[in-house]
Amino acid sequence: MGKAIRRVLGLLLSAGALALGAGVAEAHPHVWITASSELIYVPDGSISGVRHAWTFDDMFSTYALQGIETKTQGVYSREELGPLAQTNVESLKEFGFFTFARADGKKEKFQEPVDYFLEVKDGLLILHFTLPLKTPVKPKELALEVFDPSFFVDFKFADKDPVRLVGAPATCQVNFQRPNDGTVNAQALGEQTFTNGDNSNFGAMFANKITVTCP
Amino acid sequence: MLDGAVHALMAQTPFGGSRASGAEPQVGGVVGWLLSKQSEFYREMSATIRAAKSDGHAVWTLLGISFAYGIFHAAGPGHGKAVISSYLVANQETARRGVVLSFASALLQSLVAVVMVGVCAWLLNATARTMCGAERTIEIVSYALIAAFGARLVWTKGGGFMRALQVQRPALARAAAASHDHAGHGHHHHHHEHAPAHAEVAHLAHDHDEHCGHSHGPVPRELAGPGGWRRGFGAIFAVGLRPCSGAILVLVFALAQGLFWAGVAATFVMGLGTAITVAAIAVIAVSAKDLARRLSGTKEGGGALFMRGVEFGAAGLVLLFGVGLLFGYLAAERVTCF
């Protein structure tokens with residue numbers, strides 16, 4: 001039996017691997033976001049939260065605006081976009097707002113978003129929202145990553161002012177690291193990731209890393 | 001929205017070690033390349049549709065891009081081709097049937113996307129949220145159908161497998177006995193004496209196969225008949241029902257640009273590209289099974305039992321896909337709902 005069995009078992013195993021890998025390879029981005037983020041500091045020098053402005057791509061902006069009633073065609077007021085903004089932040093909750101923070105290596109949690117609204121600029125939809133930290137922190141090093149682990153959303157930070165510190169002590173320094181060139185990263189996607197069936201962290205290699213150090 | 005996608009099989013912390021522990025760049029390069037190509041084509045679509053408003057030639061570019069996108073999109077392992085291939089293997093289907101199934105399900109998939117956007121967005125001017133709700137409902141129904149379809153396959157193939165096992169066991173016992181009797185007669189002799197036992201096994205299995213052919217496991221010839229096509233329809237329906245999120249986005253965008261027809265054309269061309277890739281994969285799956293059948297049939301005894309086992313396994317895969325997709329363990333493309 002040996003040889004044939006092994007050969008066919010091999011086939012079956014690859015089929016299984018294919019099955020489990022399904023999520024990984026199908027997860028190519030459908031939404032592109034150009035982000036710029038601000039870290040908000042309170043007077044005592046602690047970080048209280050993150051304020052995001054996410055600009056959606058052309059196609060997704062059009063899709064999201066489909067069917068929204070406006071007084072003037074093509075002009076969207078903040079009120080008219082209110083329900084959509086509400087849906088956005090509610091939906092994003094499930095994904096941890098694609099925002100992951102660590103203060104001196106310890107994972108930080110965020111509260112419900114506040115001050116959220118949508119605007120349309122040059123035909124593109126921009127989502128503004130602020131994520132307050134559960135408790136303000138004053139770490140030596142704060143690491144913030146913005147990415148979609150499943151890579152359905154592709155995050156790119158704006159070329160101009162990708163990250164700003166608002167009200168931070170003068171000694172604090174921000175370091176922003178873009179993901180390496182996307183294709184290189186995609187190619188680093190090994191067999192291992194592929195057969196694991198683990199696409200939970202697939203997008204991590206596309207993460208934008210922000211590090212703030214305050215001595 | 002987007003529900004189970006994150007509940008991947010082995011969820012890790014958001015900062016989990018996946019990157020650090022290192023995906024080694026090996027064969028994965030192909031996957032990476034496919035990924036970057038698809039997104040490249042996909043991203044070009046919106047600009048091309050815009051351009052098509054003033055320049056008619058851009059429509060041809062759009063169709064070209066859509067076709068390429070369809071080919072690449074389907075080349076990554078996704079549930080559609082996985083389900084179709086497993087079904088073909090489980091059901092002793094012909095390669096020709098595989099090609100037809102692939103094209104039919106891709107066509108249905110395009111059709112569903114066009115009808116959905118046509119009715120929801122164009123006629124009813126529904127919001128993206130409403131559309132997305134509809135899309136998700138269809139998705140759940142589609143996954144449930146795949147699961148049900150898989151369950152039925154497992155049921156029938158399981159029966160065939162069990163029967164093959166029952167036929168096999170006494171024969172194997174006899175074979176073992178024969179081998180025991182002749183154990184002391186030296187290797188060469190032993191091998192020689194053994195042969196009749198093998199032949200017997202093969203013979204029994206063959207008988208069984210013929211019997212099965214009429215009641216449980218249809219032969220390809222039968223499948224080409226009207227009943228067979230009806231069975232195939234189940235597969236087409238289960239897989240093709242769920243529209244591709246990419247197509248929906250393209251259609252809505254084209255509609256907003258006043259070029260709905262261009263979006264429709266792009267969607268069908270995309271479907272054509274998808275069908276070609278899925279058909280190729282289906283043909284490979286069927287050929288692999290034929291190869292397996294030949295290998296196990298000529299060289300070894302117990303070939304039929306083995307093939308029933310393969311079919312049973314493939315049927316199990318279809319069920320696994322359905323259940324996995326339904327409960328979000330297997331994340332296919334997420335439906336865009338934010």
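**Entry: ground rules.** I am working with a predicted model, in which local features need pLDDT of at least 70 and side-chain atom pairs count only at pLDDT 80 or more, while totals for chains, interfaces and linings use all residues. Residues are numbered from 1 along each chain as its sequence is written, chains are lettered from A and ligands numbered from 1 in the order in which they are written, and side-chain values use heavy atoms, with hydrogens and water left out.

**Entry: disulfides.** I searched the whole structure for disulfides (a disulfide is a pair of cysteine sulfur atoms within 2.5 Å) and found 1 over all chains. The partners are A:C172 and A:C214, with 1.9 Å from S to S. I noted 115° about the S-S bond, and the link is right-handed. The pair links distant parts of chain A, 42 residues apart. A:C172 is in the loop between β9 (163–166) and β10 (173–177), and A:C214 is in the segment after β11 (208–213). Strands here are DSSP runs of E with at least two residues, helices are runs of H or I with at least four, and both are numbered from the N terminus.

I then checked burial for the pair. Both A:C172 and A:C214 are buried. Buried means under 20% relative accessible area, exposed means over 50%, and partly exposed lies in between, with a 1.4 Å probe and protein chains only.

**Entry: cysteines in chain B.** I found B:C120 in no disulfide; the nearest cysteine sulfur, that of B:C132, is 11 Å away. B:C120 has 13% relative accessibility, so this residue counts as buried. B:C244 also counts as buried, because its relative accessibility is 13%.

**Entry: a helix in chain A.** I picked α3, residues 82–93 of chain A. This helix has 12 residues and reaches 17 Å from its first C-alpha to its last, close to the 16 Å expected. The expected span is 1.5 Å times one less than the number of residues. Among the buried residues of α3(A) I listed A:L84, A:V89 and A:L92.

**Entry: chain B as a whole.** I counted 11 helices and 0 strands in chain B. Of its 338 residues, 53% are buried. For contacts (heavy atoms within 4.5 Å) with a separation of 6 or more, residues 24 or more positions apart account for 82% in chain B. Its accessible surface, from the Shrake-Rupley method with a 1.4 Å probe, comes to about 14,800 Å², and 68% of that belongs to carbon and sulfur atoms.
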